[in-house]
Amino acid sequence: MSDGILTSPELRDVSTNGSPIYTLFDVETVDELTADHILRLAAGVLGAVRIRNFAPLQDCADVMASLETCELGAYDEALIYPRIAKLGPAAYDFYSAYGLDKTYWEHAEQSRATRSTLLRGGDPMDVAVERLQRAWGGELIPATSGGRPMFSGMIREITKGAKIHFDEIVREFPGAMDAPPASFLTFNWYLSMPSSGGETVVHRHRWQPSDEQYRDGYGYVDASVEGLPSVTVAPETGDAILFDSRNFHAVLPVDGEGRRVSLSFFLGVTGRGPLALWS
Ligand SMILES: O=C(O)CCC(=O)C(=O)O
Ligand SMILES: [Fe+2]
């Protein structure tokens, strides 16, 4: 271990027996996302980033008003229960032995068309992409499946919570994505948040085979993460958060007034830059 690691101001002592354990699993709440946040999430030395006022409240309100006239679909309720409403296909819904099936591409096209007018006649995804691009300072490109650009930018309403789960397309749906990225992050921009409840909890834990004893439908019971460090993020309307989607995470049920709706997609640092070497 280098001196740099031992003296970093971001480190916290979470020990219970006197010796310090550095988890490098904090939430950073910031006004501006930077490439460094994305890289530290990718490297696994940050729990989550919350970006305050990611986009204007008026944009959120306008998208929410347009959504009133638009019926949301849902994940397959036989698999994802309690129900999670959404606009836009997830690989989760359309994976078959041969990759993403034909209906995925049909849903992608329809959903893009519906989403493309929700923000005063424009697409709220463009706002998110523009902000992320500015932070990253480089290109954002769609992942591909069978050579075709995949859909990104679901609008999702989680009301009764989401079970503890992880998202890692290359492990869950092998072969669905052509060129796997070198990291797996999730982005959510909260278009509406309730007055209480609906927090996102991220646990410092990645899937391992023994977790299967804790299976609970599409997710895992609390015992899978017992005793492990975790962070709870309570975004407000207009905020966005990013974290490593391979870490087990859950959404708590809404218990106040108001809807919990986010624009959501996965992103990953691609693995085709130069290789950095060190000792
Ligand atoms: O809605 C959230 O806060 C997180 C939802 C989730 O499971 C994800 O983004 O992977
Ligand atoms: Fe998730």
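**Figure 1. Val-202 and its bridge partner His-249 in strand S17.** In this predicted model, Val-202 has His-249 as its bridge partner in S17. S12 (residues 200-206) and S17 are antiparallel and joined by 4 bridges. Val-202 also has a bridge partner in S15, namely Val-231. S12 and S15 run antiparallel too, again with 4 bridges. Strands pair if DSSP finds at least two bridges between them. Strands (E, at least two residues) and helices (H or I, at least four) are DSSP runs, numbered from the N terminus. Residues are numbered from 1 along each chain as its sequence is written, while chains are lettered from A and ligands numbered from 1 in the order in which they are written. The model is predicted: local features need pLDDT of at least 70, side-chain atom pairs count only at pLDDT 80 or more, and totals for chains, interfaces and linings use all residues.

**Figure 2. The shell around ligand 1.** The residues around ligand 1 include Asp-167, Asn-188, His-249 and Ser-264. Also in the shell are Ile-158, Ala-162, Thr-186, Thr-200, Ser-245, Val-251 and Ser-262. A residue is near the ligand if its C-beta atom, placed from the backbone, lies within 6 Å of it. By class, the shell has 3 nonpolar, 7 polar and 1 charged residues. Here Ala, Val, Leu, Ile, Met, Phe, Trp, Tyr, Cys and Pro count as nonpolar, Asp, Glu, Lys and Arg as charged, and the others, Gly among them, as polar. Strands S11 (185-192), S17 (247-251) and S18 (261-267) each supply at least two shell residues.

**Figure 3. The open sheet of 8 strands.** The strand order is S1-S2-S16-S11-S18-S9-S4-S3, with mixed pairing. S1 and S3 are the edge strands, each pairing on one side only. S11 and S18 are antiparallel, with 7 bridges. Trp-189 has Leu-263 as its bridge partner in S18. Helix H3 (residues 57-67) packs on the sheet and touches S11 and S18. The direction of H3 makes about 80° with that of S11. Helix H2 (residues 35-43) lies across S1, S2 (48-51), S11 and S16 (240-244). H2 runs at about 35° to S16. Axes are lines fitted to C-alpha atoms, for helices over the stretch in contact, and angles run from 0 to 180 degrees between N-to-C directions.

Figure 4. Leu-87 stands opposite Ile-155 in S9. S4 (residues 85-87) and S9 (residues 154-157) pair in the antiparallel sense over 3 bridges. In S18, Ile-155 has Leu-263 as its bridge partner. S9 and S18 run antiparallel and are joined by 4 bridges.

Figure 5. Most residues other than glycine have a negative phi, and most peptide bonds are trans. The peptide bond from Tyr-81 to Pro-82 is cis, with omega near 0°. Pro-82 sits in the loop between S3 (73-74) and S4. Leu-24 has a positive phi, near 45°. Its loop joins helix H1 (3-7) and strand S1 (27-30). Leu-24 counts as partly exposed because 17 C-beta neighbours lie inside 10 Å. Arg-120 also has phi near 45°. The loop holding Arg-120 lies between helices H5 (102-115) and H6 (124-136). Arg-120 counts as exposed because 12 C-beta neighbours lie inside 10 Å. The cut-offs use C-beta atoms placed from the backbone: buried means 20 or more others within 10 Å, exposed 12 or fewer, and partly exposed in between.

Figure 6. Pro-253 lies in the loop between S17 and S18. With 15 other C-beta atoms within 10 Å, Pro-253 is partly exposed. Beyond neighbours within four places in sequence, Pro-253 is in contact with Lys-160, Gly-161 and Gly-197. Contact means C-beta atoms, placed from the backbone, within 7 Å. Pro-253 and Ser-196 are 57 residues apart in sequence and 9.2 Å apart in space, C-alpha to C-alpha. Val-221 belongs to the loop between S14 (219-220) and S15 (230-233). Leaving aside neighbours within four places in sequence, Val-221 is in contact with Tyr-214 and Asp-216. Val-221 and Phe-265 are 44 residues apart in sequence and 24 Å apart in space, C-alpha to C-alpha.

**Figure 7. Confidence along the chain.** The mean pLDDT of the protein chain is 92, and 94% of its residues reach 70 or more. Over residues 1-11 the pLDDT is below 50, and beyond near neighbours in sequence this stretch has 4 contacts in the model. The pLDDT is the predictor's confidence in each residue, from 0 to 100.

Technical notes:
Two residues are in contact if their C-beta atoms, placed from the backbone, lie within 7 Å.
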